[in-house]
Amino acid sequence: MKERERTFLMVKPDGVQRGLVGNIVSRLEIKGFKLVAMKMITISPELAARHYGEHKGKPFYDGLIEFITSAPVVAMIWEGDNVVEMVRSMMGATDPRNSAPGTMRGDLAVFMGKNIVHGSDSKESAEREMALFFQEDEICDYTLPSEGCLYD
Ligand code: DAT
Ligand code: MG
């Protein structure tokens, strides 16, 4: 089987509490991406600090850590060619005021601090974030029967 790119995606506490997990998963499924790992967890302050390390020191950092640890998230790994970039584009801009309609944030969120979803912003972040949230043996290997209809 061809090795395809992987990305890390997480429905944040607001998205889980608003019942948007299914909507977000569905968008990625019908697009043609393959779900290879998924779990619901409440993020510890330690994991939050590692995940959002790049933002340490910024004015919104403490609030971000408090928010992301406040209730369960649904963490996932999705697979497909160019999935990192394409999922970022399907998520929409960070601030929902600027997220295009049709995107997850553009359709489902109104405020930057509650923008429902996290997705890796580069292949390097994807590798780092997948390793933070998942053990290798939690990533599933299976065939997507539709693959022949999705790719050459
Ligand atoms: P993204 O989640 O689109 O990758 P980011 O990595 O720049 O955005 O920031 C992480 C999260 O922190 C973002 O989803 C919402 C929050 N955030 C970013 N900038 C912010 C700001 N200026 N004020 C409040 N929250 C902010
Ligand atoms: Mg980011």
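Colleague: How much space lies in the largest pocket?
Modeller: About 480 Å³. A pocket is an open set of points on a 1 Å grid over the protein atoms alone, where a 1.4 Å probe fits, with protein on both sides within 12 Å along at least five of seven lines. Volume is the space filled by probe spheres set on the points.

Colleague: Which residues are closest to its centre?
Modeller: Lys12, Phe60, Leu64, Thr94 and Asn115, out of 23 lining residues. Lining residues have an atom within 4 Å of a point. Helix H4 (61–68), H5, S4 and H7 each give two or more residues to the lining. Helices (H or I, at least four residues) and strands (E, at least two) are DSSP runs, numbered from the N terminus.

Colleague: Before we go on, what are the ground rules?
Modeller: This is a predicted model: local features need pLDDT of at least 70, side-chain atom pairs count only at pLDDT 80 or more, and totals for chains, interfaces and linings use all residues. Residues are numbered from 1 along each chain as its sequence is written, chains are lettered from A and ligands numbered from 1 in the order in which they are written, and side-chain values use heavy atoms, with hydrogens and water left out.

Colleague: What does the chain average for pLDDT?
Modeller: 97, and 99% of the residues score at least 70. pLDDT is the predictor's confidence in each residue, from 0 to 100. Confidence is lowest in helix H8 (residues 147–150), at a mean of 95, and highest in S3, at 99.

Colleague: Back to H5. Which of its residues are buried?
Modeller: Val83, Val84, Val87, Met90 and Met91, in a helix that spans residues 83–91. They sit on the same side of H5, because they cover an arc of only 130 degrees around the axis. That arc is taken from the directions from the helix axis to the C-beta atoms. Buried means under 20% relative accessible area, exposed over 50%, partly exposed in between (1.4 Å probe, protein chains only).

Colleague: What does the face turned away carry?
Modeller: The exposed residues Glu85 and Ser89.

Colleague: And what covers the buried residues of H5?
Modeller: The cover includes strand S1 (6–11), helix H2 (21–31) and helix H6 (104–108).

Colleague: What is Asp107 in contact with?
Modeller: Arg27, Pro101 and Gly102, leaving aside neighbours within four places in sequence. Contact means heavy atoms within 4.5 Å. Asp107 is found in helix H6.
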